[in-house]
Amino acid sequence: MTSSTMAECDQVDSGDASRHHTMDKSITLPPDEIFRNLENAKCFAIDIGGSLTKLAYYSTVQHKVAKVRSFEHSTEEAADKLYEISVQEELTARLHFIKFENAYIETCLDFIKDHLVNTDTKVIKATGGGAHKFKELLEKKLKLKVDKEDEMTCLIKGCNFVLRNIPHEAFVYAKHADSEFRFQTTQPDIFPYLLVNIGSGVSIVKVESEDRFERIGGSSIGGGTFWGLGALLTKSKKFDELLQLASKGQHTSVDMLVKDIYGGSYGSLGLTGDLIASSFGKSATADKEFSKEDMAKSLLHMISNDIGQLACLYAKLHRLSRVYFGGFFIRGHPVTMHTITYSINFFTKVRYLDSFPFGSTWRRPCNVVFLVQGEVQALFLRHEGYLGAIGAFLKGAEEDNPNQYSWGENYAGSSGLMSISPEMNPMQRARSGTFDMLEMDRLERQLVNLHLLQDPSSYIPDTVDLTEDAPAREYWLDCFEEALDGVVKRAVASQPDMAESAERAEKFRHKYRHKLQTLRHQPFAYGSLTVRSLLDTREHCLNEFNFPDPYSKIKQRENDGALKYYQRVVTALDALDWEDRQLALVRGVLAGNVFDWGAKAVSDVLESDPEFGFQEAKRQLEERPWLVDSYDQWLQRMKGRPHKCALFFVDNSGVDIILGVMPFVRELLSRGTQVVLASNSGPALNDVTNGELQILTERIADTDPVIRAGLKDDRLTLIQSGSSSPCLDLSRLDKVLAMVVRERHTDLVVMEGMGRAIHTNYYAALSCESLKMAVIKNSWLADRLGGKLFSVVFKYEAPPVGSHANAV
């Protein structure tokens with residue numbers, strides 16, 4: 001049996017039913033937080049289990065976007081400006097997934113019915129064991145025909161979808177580690193894998209492709225067994241209560257251990273003394289009463305060990321290393337995840353390695369080298385509870401084919417992992433806490449891996465995992481909270497003509513501060529906590545309250561100003577001899593990178609001294625040798641043959657892109673190297689966007705024959721990266737960009753700025769040459785790296801012998 005039959009075990013007596021009915025009618029739904037955009041909803045799906053209902057629907061969301069376009073220069077007012085900025089309304093697609101207790105289903109359906117305005121939907125896809133039980137209620141309340149879908153098919157479709165679209169979806173659970181949750185990188189190819197679904201019984205499914213899967217085994221001993229025997233042993237009828245009992249129990253008082261039989265370990269067979277020799281073995285001979293807690297713990301171990309061994313055997317038989325566990329039995333409970341993990345680790349003899357240091361203080365994420373022995377890995381999913389609802393939704397939306405797009409988790413509208421876990425909240429939860437949400441936005445562009453990654457399966461964008469580094473986590477959470485007033489001020493200032501902007505900015509402040517507080521208590525809430533995720537969450541919250549580009553006017557002003565100095569800078573560079581020019585070009589990129597409004601040390605200077613300029617920034621740079629200094633190797637390389645094509649991920653607007661990056665690009669073009677400039681698809685801080693870069697480059701080409709020829713001959717190409725973040729994930733790049741990079745046999749990748757070259761990708765291993773350049777504009781980080789404010793990282797790496805680039 002699977003979790004489909006779990007609903008049949010969840011019976012309540014008439015007293016409970018009456019109490020639930022009263023709660024149904026009294027609950028107050030927070031409409032701003034759940035069931036959002038119902039007026040534009042369509043394509044509903046529902047998954048009803050034994051105690052939880054998961055609802056899915058698709059909606060269109062209207063939001064503001066910042067656009068730029070060149071002036072025609074037809075008026076005197078426009079003649080002094082490079083481009084104009086406009087804020088437009090756009091529609092985007094969003095997927096909503098809401099989880100709530102079955103006790104509230106009637107009230108929730110009433111709410112949905114009352115707020116459905118424009119939907120043309122006639123059918124609701126349904127799955128789960130409770131779908132037949134609530135079929136009549138669904139049809140009566142929503143006036144929709146219930147179309148039931150196969151539960152296992154929905155689970156597989158949902159699993160494929162989250163693994164493909166949500167980074168850090170899968171995690172390893174390690175109860176006694178510094179960080180219990182260790183998230184895995186998104187695999188470029190998610191197949192094949194094993195799904196062990198533990199409902200009333202256990203189904204073991206081998207998944208080979210999007211539409212090809214096979215149930216290869218199972219067991220009648222599963223979650224229903226734990227629930228049923230647990231009820232007989234403890235008289236506790238509720239699943240969550242049994243798990244609470246188990247979490248407090250000591251199984252050794254009930255189970256017979258190896259040392260109870262042999263007085264110690266059984267060395268010749270490799271059995272340790274603490275190993276369970278017989279589950280419940282002591283209960284046959286001991287003349288005493290056993291506590292409910294101890295019996296529940298023994299029962300949990302017995303069932304988990306049985307499932308773990310079964311999963312290992314099937315995984316080894318089919319040569320699969322990735323095993324995902326899901327179903328009602330798991331449901332995000334730490335106690336069940338721990339016992340399953342312990343079982344898998346025992347049967348595969350897993351051991352772990354520590355991470356290794358950068359210098360003496362900076363540590364690479366532990367999960368880079370987490371699993372080093374053992375053929376099977378026990379993996380769990382952040383959104384395991386939504387798999388059925390997602391799959392049912394996908395079945396109902398096949399004509400729109402959601403799988404042809406890439407989707408991204410919207411942190412502003414999503415609850416975190418464990419948000420309604422009974423383990424985290426063992427007491428009666430407040431009614432507002434019984435709802436859990438996941439929102440996903442359809443991305444404009446399909447995202448893929450950069451093929452130049454040496455090993456896409458082990459690539460981790462983020463340099464430091466804050467879930468595993470408590471001092472760094474405390475610092476960065478404090479840093480983002482302290483910066484909140486400035487962000488609010490900037491947001492209001494960006495919309496001076498909108499009377500309600502201050503009110504919206506306060507709502508943004510409240511939501512983002514709430515997210516930060518959540519992350520203080522649950523750093524694992526949205527996967528690995530990193531500087532990148534903190535920045536992205538802030539951008540999502542700004543967009544939520546219609547602040548699409550708070551730095552738009554600052555960027556416009558700085559682009560206008562920097563452009564006036566471009567010819568003076570390149571003329572001075574051209575006057576230098578070749579070797580001096582190479583160093584001056586690099587120092588120019590580094591000095592330009594100082595102009596970063598995302599760094600408090602810099603924004604304070606720019607606020608107080610608007611005249612702070614390019615030459616002043618150069619004087620701020622440390623002298624060589626730099627903190628990380630591979631310049632001599634780079635210079636030697638530049639004396640050799642030209643690169644075929646350079647992919648350059650650019651950073652900030654203004655001085656950075658115009659006076660720093662463009663002269664560097666000009667030099668590469670002069671050497672005969674093709675250049676692909678990759679800039680953000682959407683705004684983030686003062687990073688230059690693709691729309692802005694197109695206008696800037698055209699203006700520069702008006703006065704610079706090298707840039708003009710590069711554009712004309714298609715040797716200089718501007719393509720959006722697919723990102724709207726100050727950081728960079730090379731596993732989620734615009735498909736068009738990835739295709740161009742491959743077609744042009746790119747043999748150099750340049751990443752500029754703290755976000756792209758330090759917070760992310762410092763350890764990225766590429767199969768071609770790479771250049772990572774940044775100025776450290778955060779004193780705490782500089783100190784941690786053994787440097788000081790405005791220290792320089794210049795990291796040139798040649799590809800290993802026999803790699804892709806050498807082959808080309």
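Me: Two strands count as paired when DSSP finds at least two bridges between them. In this predicted model, over how many bridges do strand β8 and strand β9 pair?

Reply: Strand β8 covers residues 193-198 and strand β9 covers residues 202-207, and the sense of their pairing is antiparallel. The cut-off for pairing is at least two bridges, and for β8 and β9 the number is six.

Me: Which strands stand at the edges of the open sheet, each with a single partner strand?

Reply: The sheet is built of seven strands with mixed pairing, and their order is β7-β6-β18-β13-β8-β9-β10. A strand with a single partner has one side left without a neighbour in the sheet, and this is so for the strands at residues 181-183 and 213-219, namely β7 and β10.

Me: At about what angle does helix α6 run to β8?

Reply: Within the sheet, the twist from one strand to the next averages 35 degrees. Helix α6, residues 151-165, lies across several strands, among them β6, β13 and β18 as well as β8. Its direction relative to β8 is given by an angle of about 125 degrees.

Me: How many residues make up the second, separate core?

Reply: Across the protein, 59% of the 808 residues count as buried. Apart from the largest nonpolar core of 60 residues, there is a second one that includes F290, F329, I340 and F524, and its residues number 46.

Me: How far from C645 is the nearest cysteine sulfur?

Reply: C645 is buried, because its relative accessible area of 0% falls under the 20% cut-off. A disulfide requires cysteine sulfur atoms within 2.5 Å of each other, and the structure holds zero disulfides. For C645, the nearest cysteine sulfur belongs to C768, at a distance of 9.8 Å.

Me: Is C312 buried or exposed?

Reply: The cut-off for a buried residue is a relative accessible area under 20%. The relative accessibility of C312 is 3%, so this cysteine counts as buried.

Notes: Residues numbered from 1 in each chain as written. Predicted model: local features only at pLDDT ≥ 70, side-chain atom pairs only at ≥ 80, totals over all residues. Heavy atoms only, no water. Core = buried A, V, L, I, M, F, W, Y, C linked by side-chain atoms within 4.5 Å. Buried < 20%, exposed > 50% of the residue type's maximum accessible area, 1.4 Å probe, protein only. Helix = DSSP H or I, 4+ residues; strand = E, 2+ residues; numbered from the N terminus. Axes fitted to C-alpha atoms, helices over the stretch in contact; angles between N-to-C directions. Contact = heavy atoms within 4.5 Å.
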